[in-house]
Amino acid sequence: WTDIAAGLAPVPARDAYKPRQAVALVAAARWITAASLARAETRGIHRREDLPGTDHRLSHRILVGGLDTVWT
């Protein structure tokens, strides 16, 4: 994250949105990973070998955010 947070290589003006999209995708991937690590079950595409089942009592949203420091 620290390598791309400050920005990527310069691009022509017509492609100015592309580095921002790349940074946004990395941020989203970090949030998805943090949420999956905070979840104590298998749910959606996140599969845990140690907890293979889904517990419907845990069916709630996990709030995630942050850029430099991801929080759940």
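A: The expected span of a helix is 1.5 Å times one less than its number of residues. Helices (H or I, at least four residues) and strands (E, at least two) are DSSP runs, numbered from the N terminus. In this case α1 has 22 residues and reaches 32 Å from its first C-alpha to its last, close to the 32 Å expected at 1.5 Å a residue.

Q: What kind of model is this, and on which atoms do the side-chain values rest?

A: This is a predicted model, in which local features need pLDDT of at least 70 and side-chain atom pairs count only at pLDDT 80 or more, while totals for chains, interfaces and linings use all residues. Side-chain values use heavy atoms, with hydrogens and water left out, and residues are numbered from 1 along each chain as its sequence is written.

Q: How many helices and strands does the chain have?

A: The secondary structure of the chain amounts to one helix and zero strands. The radius of gyration of the chain is 16 Å, well over the 11 Å that the globule rule gives for 72 residues, so the chain is more spread out than a compact globule. That radius is taken over C-alpha atoms, and the globule rule is 2.2 Å times the number of residues to the power 0.38. Along its principal axes, the C-alpha trace spans about 50 × 20 × 20 Å.

Q: What share of the residues of the chain counts as buried?

A: Buried means under 20% relative accessible area, exposed over 50%, and partly exposed in between (1.4 Å probe, protein chains only). Of the 72 residues of the chain, 17% count as buried. In α1 the buried residues are P19, V23, A27, A34, A35 and S36.

Q: How is the accessible surface of the chain made up?

A: Accessible areas come from the Shrake-Rupley method with a 1.4 Å probe; for residues, only the protein chains shown count as cover. The surface of the chain comes to about 5,700 Å², and 59% of this belongs to carbon and sulfur atoms.

Q: Is R39 buried or exposed, and which residues does R39 touch?

A: R39 is placed in the segment after α1 (17-38), and it counts as buried because its relative accessibility is 16%. Contact means heavy atoms within 4.5 Å. Leaving aside residues up to four places away in sequence, R39 touches R48, L58, H60 and I62. One of these, H60, is also in the segment after α1 and is partly exposed, at a relative accessible area of 48%.
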